[in-house]
Amino acid sequence: MRIEIARNVMEHLRKFPFGYPTSSNRDEWKLLEVPFSLTDEEGELLSHLMPYSEHIDDIAKRLGRDKKELLPLLDSLLHKTWVLRRGTKEEGYYQALTWLPGALELQMSWLSKELLELHTRMSPIDEKYEPTELIPHFRVIPREAAIPFNAEVLPSEIVSHLIEQANDDEIAVTECICRKMEKIRGKGCNAPMEDQCLFLGAFATTIVEIEAGHRITKAEAKKIIKKAQDLGLVHQANANARPLAICNCCTCCCGTLKPLLAGHPQPSLKSNFHSEFNIELCKGTCPECVKICPAKAITIDKKNMRPLTNSDKCIGCGLCVVACPEKALTLKRKEKPFIYPDTWDDYLRTRALQSGRTEFYK
């Protein structure tokens, strides 16, 4: 791809809600080559695609080009992981992706040491892990069994509902990219890597199309969630009510939980709940809540040998509630719960307004 076209692509993507990286040694140019190089025609088209979903007919009309001419280019960009598609190739909705989150997650099947090193040099892009008002792109989902039956709860906070609201043909599963990255680095844990991350909607359609994952049923998706719960993993999803991804995360590998638990506000939201103890029920004879808490928010008061919860550290996952044999822990809803944008496009619009990158949203 010619330099001037590559420059146009990068400048175009920098206007997206998550921006596009810059570096002193021009590593950002390599993102357009690894693992697939873009042609001049593909780069030219990518530099005119929007960060939100557009029907193929609308794209052709906006660009003044023939639909049949655009279809093979869009299909190639999809297989090179720079475009998402929902629906069929001929009548689908397409949107361009930035490097992260987006293109990198789709490249997990081709993840290599070279790509991982490039990713490490380029990250973080927009999120510098500093105090910010930007909405993170991921959120913790509380354990469903831990939510009190009489609690006010949004459908978007119930993991089984997130699966049920998806179309039957728009559910797919892939390996965990975070654990795969740690494995390439020679680190990681014993948590399973295969069939761990669920994708819905446009991400599911694209994942299956590029053979980076495989389609599953809602029943199979729920079995994966149940297995993750048995392993003590934390559910996370996109920070919108109709997420495109649901991940089952460990604190040692997860690219969003690790910085959150290290005290950085980005890039994951805590759930709208926090745990509370009923000291009268707690006997203080077992350390199950301390052992299972991923945020290390529970400690034992050495004076009375009773557990204490640090609500500032608690991420509201509900693992401790389910693990407690005395049922001495409950999830309590926060006084000011966060209301998630409905769709991923809605989230991106909100993010654009907060980041000042509003050119495509006026």
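Guide: The structure holds three cavities of 30 Å³ or more. Here a cavity is a set of points, on a 1 Å grid over the protein atoms alone, where a 1.4 Å probe fits but cannot get out. A volume is the space filled by probe spheres set on the points, with points joined across faces, edges and corners. Before we go on, this is a predicted model, so local features need pLDDT of at least 70 and side-chain atom pairs pLDDT 80 or more, while totals for chains, interfaces and linings use all residues. Residues are numbered from 1 along each chain as its sequence is written, and side-chain values use heavy atoms, leaving out hydrogens and water.

Now for the largest cavity: its volume is about 100 Å³. It has 13 lining residues, and the closest to its centre are Ala96, Thr98, Pro101, Trp344 and Leu348. (Lining residues have an atom within 4 Å of a point.) Strand S3 (93-96) and helix H14 (344-355) each supply at least two residues of this lining. Helices (H or I, at least four residues) and strands (E, at least two) are DSSP runs, numbered from the N terminus. By type, the lining divides into 10 nonpolar residues, three polar and no charged. In that count, Ala, Val, Leu, Ile, Met, Phe, Trp, Tyr, Cys and Pro are nonpolar, Asp, Glu, Lys and Arg are charged, and the others, Gly among them, are polar.

Let's stop at Pro101, one of the residues closest to the cavity's centre. Pro101 lies in the loop between S3 and helix H5 (103-106). A cis peptide bond joins Leu100 and Pro101, with omega about -5°. Most peptide bonds are trans.

What about the packed parts? The largest nonpolar core has 93 residues, and Leu49, Trp82 and Trp99 have the most contacts inside it. Helix H4 (residues 67-79) gives the most to this core, with six residues. Such a core is a set of buried Ala, Val, Leu, Ile, Met, Phe, Trp, Tyr and Cys residues joined through side-chain atoms within 4.5 Å. Buried means under 20% relative accessible area, exposed over 50%, and partly exposed in between (1.4 Å probe, protein chains only).

Thr81 isn't a glycine, yet its phi is positive, near 70°. Its relative accessibility is 0%, so Thr81 counts as buried.

Notes:
On a 1 Å grid over the protein atoms alone, a cavity is a set of points where a 1.4 Å probe fits but cannot get out, and a pocket is an open set with protein on both sides within 12 Å along at least five of seven lines; lining residues have an atom within 4 Å of a point.
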